[in-house]
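Thank you all for coming; I would like to take a few minutes to walk through one structure.

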Amino acid sequence: MKLPIFIADAFTARAFRGNPAAVCLLENELDEDMHQKIAREMNLSETAFIRKLHPTDNFIQSSCFGLRWFTPASEVPLCGHATLASAAVLFHKIKNMNSTLSFVTLSGELKARRAEDGIILDLPLYPAHPQNFHEVEDLIKTAIGNTLVQDVCYSSDTRKLLVRLSDTYNRSFLENLKVNTENLTQVENTGKVKGLILTLKGEPGGQTQAFDFYSRYFAPWVGVTEDPVTGSAHAVLSSYWSQQLGKKEMHAFQCSRRGGELGISLRPDGRVDIRGGAAVVLEGTLTA
């Protein structure tokens with residue numbers, strides 16, 4: 001078995017920042033268990049598998065493909081950064097001739113289109129509803145101790161818990177916050193929560209670029225301790241911060257060690273456009 005494989009850093013214009021994803025191009029059907037084995041071997045937060053939907057399709061001319069995402073531990077229903085990485089590989093390395101690509105996924109049809117300053121993903125927008133603090137207090141205290149919390153919301157569609165930290169904190173506080181993820185899967189083992197979003201209101205631009213909000217994302221329930229930059233989390237964050245700030249256009253920064261920027265535009269049809277750059281840093285052949 002020989003498979004073309006790439007690694008692309010998503011939500012960044014520069015290599016070795018943003019969120020790396022492996023991208024596999026499948027000329028033929030792959031044994032089901034091989035998806036997980038390859039993802040485990042790649043050991044990145046996500047490995048994406050692009051497949052042809054019809055025997056006559058090809059990666060240069062076709063505009064619609066199947067797409068699946070695997071962490072080292074399990075398949076996931078939505079991954080924004082690996083979708084961005086997949087589109088970047090098809091556009092920039094395979095030289096796909098289309099301006100918009102469609103991907104058939106577990107989260108429905110997703111689109112990625114070329115833009116002057118990157119690639120725009122058309123993603124579902126997931127509402128987050130107020131969550132009783134006491135029901136998730138153990139989880140939050142385990143993760144961030146006595147850090148002051150301003151708001152707690154829950155997205156039932158994505159099983160993500162959004163925890164907004166107090167406005168008294170700044171970006172450097174969130175960046176340096178020590179988050180304990182080791183015991184989260186024991187504290188929350190009901191299946192209700194599959195991801196923890198920590199977020200903070202942005203600051204006006206002074207010496208640095210202004211961002212509307214900051215975030216970090218943790219998903220030990222699916223084998224990802226901290227994800228560097230997370231498109232699916234921003235499908236929830238976009239809904240929350242749009243309501244809080246009264247804005248449809250926002251600029252966000254995910255404060256992981258690698259860091260990543262996302263341009264956000266809420267659409268009239270109830271979805272969200274998330275814009276980011278991507279840098280392909282590796283291409284080769286997987287042999288097994």
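Predicted model: local features only at pLDDT ≥ 70, side-chain atom pairs only at ≥ 80, totals over all residues.

**Fold, a buried strand and salt bridges**

The protein chain has six helices and 18 strands, where helices (H or I, at least four residues) and strands (E, at least two) are DSSP runs numbered from the N terminus. Residues are numbered from 1 along each chain as its sequence is written, and side-chain values use heavy atoms, with hydrogens and water left out.

As to overall dimensions, a compact globule of 288 residues would have a radius of gyration near 19 Å, and the 18 Å of the protein chain agrees with that; the radius is taken over C-alpha atoms, and the globule rule is 2.2 Å times the number of residues to the power 0.38. Along the principal axes, the C-alpha atoms fill a box of roughly 55 × 40 × 35 Å. Buried residues make up 56% of the 288 residues, where buried means under 20% relative accessible area, exposed over 50%, and partly exposed in between, with a 1.4 Å probe and protein chains only. If we take contacts (heavy atoms within 4.5 Å) between residues at least 6 apart in sequence, 63% of them join residues at least 24 apart.

Let me turn to strand E1, residues 2-10, which is largely enclosed by the rest of the structure because seven of its nine residues are buried. E1 pairs with strand E18 (residues 278-287) in the antiparallel sense over nine bridges, pairing being called if DSSP finds at least two bridges between two strands. Within that pair, isoleucine 7 has leucine 282 of E18 as its bridge partner. E1 is also joined by six bridges to strand E2 (residues 19-26), again running antiparallel, and here isoleucine 5 is partnered with cysteine 24.

Is threonine 71 buried or exposed? Threonine 71, found in the loop between strand E4 (64-70) and strand E5 (75-76), is buried, with a relative accessible area of 0%. Leaving aside residues up to four places away in sequence, threonine 71 touches Gln36, Ala39, Ser45, Glu46, Val76, Val222 and Val224. A polar atom of the threonine 71 side chain also lies 2.9 Å from the backbone nitrogen of alanine 73.

Finally, a search of the whole structure finds 18 salt bridges, each defined as a side-chain nitrogen of Lys or Arg within 4 Å of a carboxyl oxygen of Asp or Glu. One of them joins arginine 68 and glutamate 75 at 2.9 Å, N to O; arginine 68 is buried, at 19% relative accessible area, whereas glutamate 75 is partly exposed, at 29%. In another, the closest N and O atoms of arginine 271 and aspartate 122 are 2.6 Å apart. Since arginine 271 lies in strand E17 (residues 271-276) and aspartate 122 in strand E8 (residues 118-124), the pair ties together parts that are 149 residues apart in sequence. Aspartate 122 itself is buried, with a relative accessible area of 7%.

A further salt bridge links glutamate 135 with lysine 192, the closest N and O atoms being 3.9 Å apart. Glutamate 135 is exposed, at 59% relative accessible area, while lysine 192, at 28%, counts as partly exposed. Salt bridges that share partners also join Arg113, Asp122, Arg267, Asp269, Arg271 and Asp273 into one network.

How values were computed:
Polar contact = N/O pair within 3.5 Å; in protein donor to acceptor, adjacent residues only side chain to side chain.
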